[in-house]
Structures are given as structure tokens and as C-alpha cells.
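Subject: Handover of the two-chain model

Dear colleague,

I am passing on the structure we spoke about, together with some notes on what came out of going through it. Please look at it first, and then read on.

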Amino acid sequence: MSDKVIKKEELPNVLKILKETYEVFVPVKEKGFYRFKVLEDENKVDLNFTNTRLSPKSLLFPQSERMFEYSLDEADEDAYVIKEPPKDYAPTVVVGMRPCDAKALRLVDVNFVNPEFKDPWWARRLESLTLIGLGCKEPCSTCFCTSVNCGPFNEEGLDVLLFDLGKNYMARAITEKGAQLLKLAGVSEDATSDLNKQAEESKAKAEKQIISHVPTDKLKEKKAIDLFDASFWDEVAFACLNCGTCTFLCPTCWCFDIQDEVNKKKGDRIRNWDSCMFPLFTLHASGHNPRSEKVQRVRQRFMHKLKYYLDKYDNGVACVGCGRCVNYCPVNIDIREVFKLMNET
Amino acid sequence: MKNPYIPFPMRIDNVVIETDDRDIKTFSLSFIHKEDEASFAYIPGQFAELSDFNKGEAPFGMASSPTQKGSLEFTIAKAGVVTTALHNREVGEIVGVRGPLGNGFPVDTLRGKNIVMIGGGFGFSTLRALTTFVLDEANRPTFGDITVIYGARNPGQLLYKDDLEQWGKRHDLNLYLTVDSRDDEWSGRVGLIPQITKEIAPSAENAYILVCGPPVMIKFTLPVTREIGFLPERTLLSLEMRMKCGVGMCGRCNIGSKYVCTDGPVFSCAQLSGLLFDES
């Protein structure tokens, strides 16, 4: 399918059509930051954003999710029978997802759909999603996507990629799902070769504008044990508060906890995001804690992303270069520096 | 594919208080739905997530052998929130079981070999499962010599006293029991596992050695197993880490790039030598 064109003034109409079939998520500015929310008024959609503060992983993997419910009341016929509460798998479109965040979903997918087990909620939600990405024509100084097999107009994980070309968007269908969606939305006008050229120029310009680069070429061949025993971890971890902000904002962090919450005779089993930054994450009931020290936890986070993931799945590093952890770390720990230390030392 | 988070409901049929201090109990559970039993095909060394509906889940190795039909056994030390809640459960009550999980002992590789099992304290539960398994009438001829070395802090801490008595009478099993410190009634060995293992020095010929116990015991026993001739490839450990999901997703039980839940919990020393231990 050839690239299509959507005039900016037509976007509300396109979204209106999509709304009839899909649940539509768009970036919405709230208290100074953008986040993905259900589209309410298609005339007020604002795609002039850098990126959302929280990654959109929560659309598939909510920060807190009720897995099951059960009754503890012996009088109930199904006491102690664990049941899945109704969940929403309605077809959903996300408009304006950044290419890095879309790629991140592919990186996380290998965890939730592993050779032996499949996380049913993640898998079904991923199936129900159609992702309309928006290329980054103005990357930030902290973006380093081009160093980690990604890029401001990377297509992996997206169904449609939009190029912002002033008065128009050029829409490129990446998948069959994306082509179907464009068809349904009445987007049929082919992009002119001039527009196509503009899109390529915009992409090339954006890639050039990415000034942060990290080295990754030696990570694969390095021995995990040598990196683990490297002398730089104390320095990397020195200022860390173990606040967990990096893990919560990170589009490729997936760790979670499972807790039971009981109110009188009704119980819920709940899954919450967890963080390797927290001492309780690995604390055994016996009191033994294999990662009791801050430096061990900081090392675990970076080793997991840049080495263990690479070794386990042979799928690149678990980082898409979005720069969120760089921007929001309260003590300025910079993963780009850790890349250098791990790759070069 | 089936939802890997849904536990089977099981009824508590029996509870054995294993130790003098009453802190370790063995729960015998039966499936409420018969069809669940058919889907719970396991081997010794595998584990399951046990649910107390109220307090949550925790992982435990099966202490029973798949040759014992109709029930599963779990030996549980009272330590944290879930284990304390389970300890307060009584016969007839319902708990949840999710599994079987993990790789288990390489039973087929062990066939035709001599097996040396070294267990310390509470870590003995899955070796008890393996011992029961190899002693099963149909299985016993398929294994070579079986040696079990089992130690506890004191005689009151030895688990499975009925089994130990039965096994002690058998001629097709070499059983060595030891305690760190004796009481008035104890007439057996006194000494730590590494030292006793060195004294007994079981032959490494055509043999595998399996070591399960607290980290400190493993640390001091491994040099001994090496000294008496067991290669790292034939020295197997069963590791413990905190787990939530048990299915390779929640991210906390890794040792380097391996997950204890899905890649283990049983590893050979050869597999572990390139991995990393966070030892505080």
C-alpha cells in the first residue's frame, strides 16, 4: 500500500470515524505533562508534544491490575474458587505513540510471551491494539534511539507511522492491520512524490539531530561476570536514592509484584508494578536478601537491561533510548554514561 | 494456552508437625477437581506456588513424589506472611496450588547412575521427594546405588521421621543422618554436613551428587564434593530465590541471565560457574 496523506484539518474527522469502531487513545496534557487518555473531543487533539512522561506500557500492563477475585465466605457455593474478573479487550487505537515506545512493546513482549508460558492479559491486549505512531521530527537532547536499533521514525512495532509535514500528515501503513485501519478511516488519498520526499527529508534531518550516542558494540562479547565484577558500580550507584522513578517511567521495565487484598469475605489478587530498586523486591521470608545493598540493585537494573536481556533473548539491549530515565532521575544518573562504562571498560 | 496464574483449589487432608519447635509442618493436599490432578504431572525437584486465599502466594518444592498418587505434599517452614497463614490452616480447609513449575531433577539422566543426595535442614524436602521416587518399586531397579546424607541443627529438627525410620531399615539405600548438636537421646552422628560428607566420601564413579540446603552449607560442601571427585557437570544444586510469578515474568529471581523459576531451580555447578551470585 502506498503512503497516504491526511490533511491536518481532516484529522478530527478521521478520529471521529475511528471512535465509532475503536476505543481511541491520544496524548493529553495534564498538569504540565502529557499522558495517553481516551479521546473525548477530536477537535481538541494536540499532537505537538515531545513525549508522554509515563511510557504507554500501562495500556497493556496497568500499574495495578486485578488478576482474580474470590470469595472467602463458606456459605458461597464457589468459596475459594478463583475467578477472572471481566476485562476489556475492545479494539483500541493509540494515536501518536512515539516509535521508541512502540519498539519497547516488542522488547517486553518476549518476557510476557516466553517459550513456556503466556501472560494472557498482555497478549490479548497487544492483539487488540492498533498503533498509530508519530515520527519525532524534533528529537530531544536526551534521545539516543539511533544507538539502540531504533530511531525517530523507526517502524518496528507500529501499524501506521505518521510524518508531520506542516499542513499534512503522511501516513504509512506498516502492517496489514494498519492498512485496514486507514481504509476504514477513509484515508485514501495517495501521498505525492513531493510529500514523500519531504517525509524522507524530515526523517533524515531528525536522525541527524540526535546528538546523544551510546556505544553498544562490545556488550555482547563481554563476559557477564566481568561486567558484574567491574569496579565502576560503586560510583554509578553512589548518588542513587533507589526511588524507582527510572523503572516506573521506563517503557521496557516490566517487573511486578502479586498481592492479595481482602475486604471482609471478598478477596482480590492484584498485580502491581514493582521495582528492582526496592530492597523488598528480593527479600526472602527468612531474612536473607540476595540484593540487600543499593549498589547490587543499581547493578541489577543496568545489567538486566544492557547485558542479561541481550544474553537471554538475543534481541538487542532492553533500552530504546527514550531518555526518560535521564530526564527524570532526581540525582542525574545517566544510562548513557553506563552504556559507555559497560561497553568500554 | 492456559492462564498460568490460575491455581487449582486443593483440600488439606493432613498436617504433620515435623519439628519440635512446631515451626515446620508438612501439608498433604488433594485435588478438589479430579481433572486437575491429571494436568499436574510433575517430577521430583519441581515446585508450585501455594496460595493462602487471603495472604497471597509463595513457592515451595513438592515434598512428595509423583509415585504417590492422589495427593501432593509440601513442607512449609513458618517464616513470613504466607507461610504463617498456611500454618494456621487446618485439615479440611482449601488452599490454591499453581504448578508444576521449574525444571526439577533430571530424572532420566539419573537413571542407571548412582545418586548421592546431600540435604541440610529444610532444604531436604525435594530430596525426600526424589528418594521416595527412586525407592518406588517400579523405579528402584532403574537406579544404581543410592546414598542419602541428611543433617539438621539438632535431632528435633530432622524432618520426615517416619520415612527416615523406614529408609534406615532398607538394604538398597545408604542413609547417613547427622546433627550439628546432639540431645540426650541421640546416639547417631554429630557433625556438620561438609565434614560428614568428607568422612563418608561416597564414590563419584558413575554418580551424580545433589546438594540442597542453606547457602552456608552449600558453600562449604561444594569444595568437598569436588575433592572426592564429583565434576561440576555432575554436581546439582536446587536454588531458592524470592519469586512471585514462577513463570519467568515478574523479574526478581534472576541470577545473571537465568531465571531460577524457569531455567531452574535445579542447576549443575557447571551451569552456575559462569553466572553471578549476589552475595551480601
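What percentage of the 345 residues of chain A count as buried? Before the answer, please keep in mind that this is a predicted model, and that every value below was computed from it. The share of buried residues in chain A is 56%.

Chain A

Chain A is built from 11 helices and 10 strands. Its radius of gyration is 22 Å, close to the 20 Å that the globule rule gives for 345 residues, so chain A is as compact as a globular protein of that length. Along the principal axes, the C-alpha trace of chain A spans about 65 × 65 × 40 Å. Among the contacts in chain A with a separation of 6 or more, 72% are accounted for by residues 24 or more positions apart. The accessible surface of chain A comes to about 15,500 Å², and carbon and sulfur atoms contribute 49% of that area.

Ser147(A) counts as buried because its relative accessibility is 13%, which is under the 20% cut-off. Leaving aside residues up to four places away in sequence, Ser147(A) touches Ser212(A), His213(A), Val214(A) and Thr216(A).

Chain B

Chain B has eight helices and 15 strands. The radius of gyration of chain B is 18 Å, close to the 19 Å that the globule rule gives for 280 residues, so this chain, too, is as compact as a globular protein of its length. Taken along the principal axes, the C-alpha atoms of chain B fill a box of roughly 45 × 45 × 40 Å. Of the 280 residues in chain B, 59% are buried, and residues 24 or more positions apart account for 68% of the contacts with a separation of 6 or more. Chain B has an accessible surface of about 11,200 Å², with 49% belonging to carbon and sulfur atoms. Its side chains include 28 positive and 34 negative ones, and the centres of the two sets lie 3 Å apart.

Within chain B, helix 5 (residues 161-169) has Asp163(B), Leu164(B) and Trp167(B) as its buried residues. These residues cover an arc of only 100° around the axis, and they are therefore on the same side of helix 5 of chain B. An α-helix has 3.6 residues a turn, so residues three or four places apart point the same way. On the other side of helix 5 of chain B, the exposed residues are Asp162(B), Gly168(B) and Lys169(B). The cover over the buried residues of this helix includes helix 4 (125-135), strand 8 (146-152) and strand 9 (174-179) of chain B.

With a relative accessibility of 1%, Thr225(B) counts as buried. Residues up to four places away in sequence are again not counted, and Thr225(B) touches Ile209(B), Val211(B), Phe230(B) and Thr235(B). The C-alpha atom of Thr225(B) is separated by 8.0 Å from that of Lys198(B), a residue 27 positions away along the chain.

Notes. Residues numbered from 1 in each chain as written. Chains lettered and ligands numbered in written order. Predicted model: local features only at pLDDT ≥ 70, side-chain atom pairs only at ≥ 80, totals over all residues. Heavy atoms only, no water. Helix = DSSP H or I, 4+ residues; strand = E, 2+ residues; numbered from the N terminus. Rg over C-alpha atoms; globule rule 2.2 N^0.38 Å. Buried < 20%, exposed > 50% of the residue type's maximum accessible area, 1.4 Å probe, protein only. Contact = heavy atoms within 4.5 Å. Areas by Shrake-Rupley, 256 points an atom, 1.4 Å probe, with all protein chains shown as cover. Arc of directions from axis to C-beta. Lys, Arg positive; Asp, Glu negative; His and termini not counted. Charge placed at Lys NZ, Arg CZ, Asp CG, Glu CD.
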